[in-house]
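Please have the sequence and the model open as I speak.

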Amino acid sequence: MADIIREAIERKQERLLRRPEVLHRCGISNSTLHRLINAGTFPAPIQLGPRAVAWVESGITEWIEQRIEASRAVEGQ
C-alpha cells in the first residue's frame, strides 16, 4: 500500500517542460534535439495540443544523468 501512495505522490510532482527549458537544461540545439529524438536516444515529447508538446521532467533528468555516467565511465578507462 505504501508503494501505491508513494507512486501517486511522485506522479503529482512531475512537471512538464517546454522546448526552451529542455534545450537550456540539456545544453543542446533544436536541431540536435530533433536528431536525438529521431535516433531514439532522447525521450519523446508528449502532445499537449495541436501545436504544443512538452517533455516529462523526470525523463529529461534521467537522460542528463545517463550522459554524465557515460562521460565518467569513458574518463575512468
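This is a predicted model: local features need pLDDT of at least 70, side-chain atom pairs count only at pLDDT 80 or more; totals for chains, interfaces and linings use all residues.

**Contacts, helix packing and core**

Residues are numbered from 1 along each chain as its sequence is written, and side-chain values use heavy atoms, with hydrogens and water left out.

The protein has 4 helices and 3 strands, these being DSSP runs numbered from the N terminus (helices H or I, at least four residues; strands E, at least two). Along the sequence their order is α-β-α-α-β-β-α. Of its 77 residues, 18% count as buried, that is, under 20% relative accessible area, with exposed meaning over 50% and partly exposed in between, for a 1.4 Å probe and protein chains only.

Turning to the helices, helix 2 (residues 19-26) packs against helix 4 (residues 57-75) at an angle of about 20°, the axes lying 11 Å apart; axes here are lines fitted to C-alpha atoms, for helices over the stretch in contact, and angles run from 0 to 180 degrees between N-to-C directions. Helix 2 is therefore roughly parallel to helix 4, since angles under 35 degrees count as roughly parallel, over 145 as roughly antiparallel, 65 to 115 as roughly perpendicular and the rest as oblique. On the helix 2 side the contact involves Val22, Arg25 and Cys26, and on the helix 4 side Glu57, Ile60, Thr61, Trp63 and Ile64.

What is the relation of helix 2 to helix 3 (residues 30-39)? Their axes come within 10 Å and cross at roughly 90°, which means that helix 2 is roughly perpendicular to helix 3. Here Arg19, Val22 and Leu23 of helix 2 meet Asn30, Leu33 and His34 of helix 3.

The largest nonpolar core has 11 residues, among them Val22, Leu23, Leu33, Ile60 and Trp63; such a core is a set of buried Ala, Val, Leu, Ile, Met, Phe, Trp, Tyr and Cys residues joined through side-chain atoms within 4.5 Å. Helix 2, helix 3 and helix 4 each supply at least two residues of this core, and helix 2 gives the most, with 3 residues. Leu36, also listed in the core, is in contact with Ile28, Thr41, Phe42 and Trp63 once its neighbours within four places in sequence are left aside.

Finally, Ser58 lies in helix 4 and is partly exposed, because its relative accessible area is 35%. The C-alpha atoms of Ser58 and Leu17 are separated by 9.8 Å, although the two are 41 residues apart along the chain.

Conventions. Contact means heavy atoms within 4.5 Å.
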